[in-house]
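This report describes the surface, the fold and the charged pairing of one protein model. Please consult the sequence and the structure shown here alongside the text.

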Amino acid sequence: MAKNVAQSPLERSSMVSLDQKLAMAKRCSHEGVVAGAKAALVATVATAIPTLASVRMLPWARANLNHSAQALIVSTVAGAAYFIVADKTVLASARRNSFKHE
């Protein structure tokens with residue numbers, strides 16, 4: 001089959017529509033990644049400061065939270081923040097774009 005056979009207008013419009021949908025999906029996912037990364041950064045700082053301060057000031061924390069435990073606390077909160085915010089951002093973007101009639 002030759003690739004340069006003329007396509008019908010219906011085929012052309014469906015390809016354009018598919019390309020637009022793929023571009024929109026990429027944009028939505030990129031927005032989610034950026035928002036999730038920002039949230040993870042904020043959550044890391046917001047968790048690391050009290051965790052490190054409590055290990056220095058509280059005798060129980062000093063005795064029971066070694067470096068691995070501290071890293072686990074901070075990374076768990078950062079990971080949760082990333083996935084929650086990224087998911088909410090992608091869903092909000094998809095909902096916003098689903099009402100656009102092209």
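## Surface and burial

The protein exposes about 7900 Å², and carbon and sulfur atoms supply 70% of that area. Accessible areas come from the Shrake-Rupley method with a 1.4 Å probe, and for residues only the protein chains shown count as cover. Of the 102 residues, 20% count as buried (buried means under 20% relative accessible area, exposed over 50%, partly exposed in between).

The model is predicted: local features need pLDDT of at least 70, side-chain atom pairs count only at pLDDT 80 or more, and totals for chains, interfaces and linings use all residues. Residues are numbered from 1 along each chain as its sequence is written, and side-chain values use heavy atoms, with hydrogens and water left out.

## Fold and contacts

Three helices and zero strands make up the secondary structure assigned to the protein, in the order α-α-α along the sequence. Helices (H or I, at least four residues) and strands (E, at least two) are DSSP runs, numbered from the N terminus.

Among contacts (heavy atoms within 4.5 Å) between residues at least 6 apart in sequence, 77% join residues at least 24 apart.

## Salt bridge

A search of the whole structure finds one salt bridge, defined as a side-chain nitrogen of Lys or Arg within 4 Å of a carboxyl oxygen of Asp or Glu. R96 forms a salt bridge with E31, and their closest N and O atoms are 3.5 Å apart. The pair links helix α3 (residues 67-98), which holds R96, to helix α1 (residues 9-57), which holds E31, across 65 residues of the chain.

Both partners are partly exposed: R96 has a relative accessible area of 46%, and E31 has 29%.

Terms used: Buried < 20%, exposed > 50% of the residue type's maximum accessible area, 1.4 Å probe, protein only.
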